[in-house]
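Here is my note for your reading of the model. Please keep the structure open beside the numbered points.

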Amino acid sequence: MRRLAVLALLAVSLAPAAHGQSLAARRERLAALTRQEDALAARLGADRNALARLMTALVLFSRDPPPPLLVSPADAKEAVRAMILAKAIAPQLEARARQLGAEAAALREVRRQAAQQSGDLFAAESAIEDRQGRLDAVAADATLMAPQALRSEEARLDAEPPPSRLLAPAAGALAVRYGGRLANGLAAQGLAYRTGSGAEVRAPAAGLVAYAGPLTGWGQVVILRAGGGCHMVLSGLGKVTVNVGQSVAAATPVGVMPSDGQTSPELYLEVRLPAGPVDPARLLGRGER
């Protein structure tokens, strides 16, 4: 019960704050919630597994106890002892089950608050006046806003090397190279492709969908998480066709470009490693540069 009291105090302390709090404060609050969620989920899973094994054994024993008249006196004595023990620990098992139920409720509350904080953080990032700052913030915090199952999978990916080769994300002419100037005036930290209206957009490499949705000033955005902490950011889409947490292979369609009459939509690709953005052209095949 003391552990539940601590969880309750944490939930209260991490309740949504005023809208005026800084982006860093929102990020720290969400990080605290995600750490608590991961720890509570792991502990709850271990407790449930142990309790499930014990309950299964007791249920089987109660359904099919050894017949005392067909076994030796020693075996019958052990069977009686086991039945007495089962009756003695039943109240403890019931109490443990109630505690697990309370912890599960606490976990649901932490997850609810984490989801709300994720939405608040994304809204705050979308409100950043600097267009490049919005993309940087969402790309940096994609893991922080991801569901618990996705974070576990991303942690596994971190142990793998980053992609050594990329595929062109769409058919079209290369409009802006790394270090050039985008149509909006920003310095390109990636590559911009001039595609056809409604062109299909594909994953440059295998990865997990860390973010998929709109971002002010960038259209629809897809962020793929690959090995070694690599993020592949695709922006300028008109529609995304993948969901957060989905695993995609290289060349898997992830969306389409706008088809609302725009003459030359541009698809922007960034590749970000933990040390910072890198030139995607270094990883593209010779025929796709």
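1. Strand β1 (residues 172-176) and strand β2 are joined by four bridges and run antiparallel. Leucine 174 sits opposite tyrosine 193 in β2. Strands pair here if DSSP finds at least two bridges between them. Helices (H or I, at least four residues) and strands (E, at least two) are DSSP runs, numbered from the N terminus.

2. A word on the source: this is a predicted model, where local features need pLDDT of at least 70, side-chain atom pairs count only at pLDDT 80 or more, and totals for chains, interfaces and linings use all residues. Residues are numbered from 1 along each chain as its sequence is written, and side-chain values use heavy atoms, leaving out hydrogens and water.

3. β2 also pairs with strand β10 (residues 266-273), antiparallel, through four bridges. There, alanine 192 faces tyrosine 268 in β10. Strand β2 covers residues 191-195, and four of its five residues are buried. Buried means under 20% relative accessible area, exposed over 50%, partly exposed in between (1.4 Å probe, protein chains only).

4. Now an open sheet: three strands in the order β3-β9-β7, with antiparallel pairing. Its edge strands, β3 (200-202) and β7 (239-240), each pair on one side only. Three bridges link β3 to β9 (residues 253-256). Valine 201 stands opposite glycine 255 in β9.

5. Is glutamate 154 buried or exposed? Glutamate 154 counts as buried, because its relative accessibility is 1%. It lies in helix α5 (residues 148-158). Beyond residues up to four places away in sequence, glutamate 154 touches Thr143, Leu208, Ala210 and Arg225. Contact means heavy atoms within 4.5 Å. Glutamate 154 and alanine 210 are 56 residues apart in sequence, yet 8.9 Å apart in space, C-alpha to C-alpha.
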